[in-house]
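Dear colleague,

I am handing over the structure below, and after it I set out what was found. Please read the notes with the coordinates open beside you.

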Amino acid sequence: MSSETLARWQFGITTVYHFLFVPITLAMSFLVAIFQTMWVRSGNENHLRLTKFYGKLFLINFAMGVVTGIVQEFQFGMNWSDYSRFVGDIFGAPLALEALLAFFLESTFLGLWIFGWDRLPKKVHLATIWLAAIGTNISAIFILAANSWMQNPVGWQFNAASNRAELNDFGAVLFNPVFLVTFPHQITAAWMTSGALVAAVAGWHLWRLGRAAARPEAIAHEEREEKAWRTALKIGAVSMLIGSLGVLVSGDLQGKVMTDVQPMKMAAAEALYETEQPADFSLFTIGSLDGSQEVFAIKIPRLLSFLAHNNFTGEVQGINPLNTQYQAQYTPQLEKVYGPEIAKRMTTYAPNIPITYWTFRIMMGLGFLGIAIGLWCLFQARRSQLPTSQVWRWGMIVFPFAPLFANSFGWIFTEMGRQPWVVFGVMPTAAGVSPGVSPAMVLFSMIGFTLVYGALAVVEVGLFVKYIKLGLPEVSEPKVLDDEDAPLSFAY
């Protein structure tokens, strides 16, 4: 394999792995803050127990997300130095703000939250988790703004003297139409994922209570447990369903923006080779191995036109005419900026069609599966009888993975659909690779990262399973210490 192919594999592996933690962190921080707010307002001990329990899961996830996220920025210098040199002035600006503003905000107040249970007044301590949650989501703003610029580069100019792209309008980057639909789509998808996790854990514990033999001495304890888990089940299911509504609305808007700025990605999502008006949407297609010919398909008439243009008669451009258009539009520019060798490698301007087609559908299918289980949870939460069936148990195990993997497949679709560009219409992926890095060097680092990430996965899953099985902790009312010399205590 070439250095480019291996570098893409490495970045894909590390990014998809890191992104497993991102949606949980974004919304779980707010859900923990909501549980703590309920405790501060009501004084109900169960709300404090839920805060401590889900706070522990949040901290495990947050720590793993930070560790795996650091590797992402290393790769810009390791394997993608030409990319960093060419667009560093633009791409580096939101990343710098993410570190200076968001990361320090969330890490500072998260530290105060962890160590401040017996040091800060109750309401001040509550404010720290809210500020940490806000900081986490501000971080998403700058990261998604940087990625949206790669999808739709705005607010920049080319400096011929330095042969670099330079930022001339940071406001345009922050108000990029791709970012304006991507941010709410990602945040609401995060609420789907975190809500599903909260509800699934609560549902599993309710199933455990339902299956347990009733012991006279444990009835009061189990009643208290049931009330707490029912509260978590309701809040998790409602959060998941509200998030799913936001995903549906923002996803519809995202499809229309994608049609305007990246019509090739929209065509690839449908494997639409020729322009159609109106255009149908296929739920399921069997085609040739390269995806160029359709053998069998189940289609919804005119739906693709609606997704692209908000009407049922709009024209959707196909892969073949777009490829011809891009050849005439971009090839001369690539020869001028990057030389004939890079231009010759751009034999097609279409992404990998089977991957974009199926990741788009897997994303939607898993999302709708999560919605169905969320509705089931909400129905169960209204019943007085505890669940006891194995179907419920396995439903709770599947529940959090459906929106979580939907996030991952959506991210794969977003990034693979941009290919063969690392910055759409500006820089081919082949031109961004570090020139002095050999395939052996990339392969060595990729194997190393994969092994380390595998070990971290074992640690992450082990910790999650351990603390989920332990259930709700016993708690006492935190008391603010008067002794300033008393050592800080770690609340978890």
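L283 sits in strand β3, and in this predicted model it is partly exposed, with a relative accessible area of 46%. L283 belongs to a nonpolar surface patch of about 770 Å², which is made by L283, F284, I286, V295, F296, I298, I300, W358 and I362. The elements that give two or more residues to this patch are β3 (281–287), β4 (294–300) and α13 (353–381), and of these β4 gives the most, with four residues.

Turning to the aromatic side chains, a search of the whole structure finds 31 aromatic pairs. In one of them, F35 and Y54 have their ring centres 5.5 Å apart and their planes at 10°, so the pair is stacked; it links distant parts of the chain, since F35 is in helix α2 (residues 22–42) and Y54 in helix α3 (residues 45–78), 19 residues apart. F35 is buried at 0% relative accessibility, and Y54 is buried with a relative accessible area of 0%. F53 and W229, by contrast, form an edge-to-face pair, 5.2 Å centre to centre with 85° between the planes. Because F53 lies in helix α3 and W229 in helix α8 (residues 219–261), this pair ties together parts that are 176 residues apart in sequence. One aromatic cluster is formed by Y326, Y330, Y349, W421 and F424.

Finally, T14, in helix α1 (residues 3–19), counts as buried at 1% relative accessibility, and its side chain reaches the backbone oxygen of F11 at 3.2 Å. Leaving aside neighbours within four places in sequence, T14 is in contact with V71, Q72, Q75, F449 and Y453.

With best wishes

Technical notes: Residues numbered from 1 in each chain as written. Predicted model: local features only at pLDDT ≥ 70, side-chain atom pairs only at ≥ 80, totals over all residues. Heavy atoms only, no water. Buried < 20%, exposed > 50% of the residue type's maximum accessible area, 1.4 Å probe, protein only. Polar contact = N/O pair within 3.5 Å; in protein donor to acceptor, adjacent residues only side chain to side chain. Contact = heavy atoms within 4.5 Å. Patch = residues over 30% accessible without salt bridge, like charges linked within 9 Å, V, L, I, M, F, W, Y side chains within 5 Å. Areas by Shrake-Rupley, 256 points an atom, 1.4 Å probe, with all protein chains shown as cover. Salt bridge = Lys/Arg side-chain N within 4 Å of Asp/Glu carboxyl O. Phe/Tyr/Trp six-rings, centres within 6.5 Å; stacked < 30°, edge-to-face > 60°.
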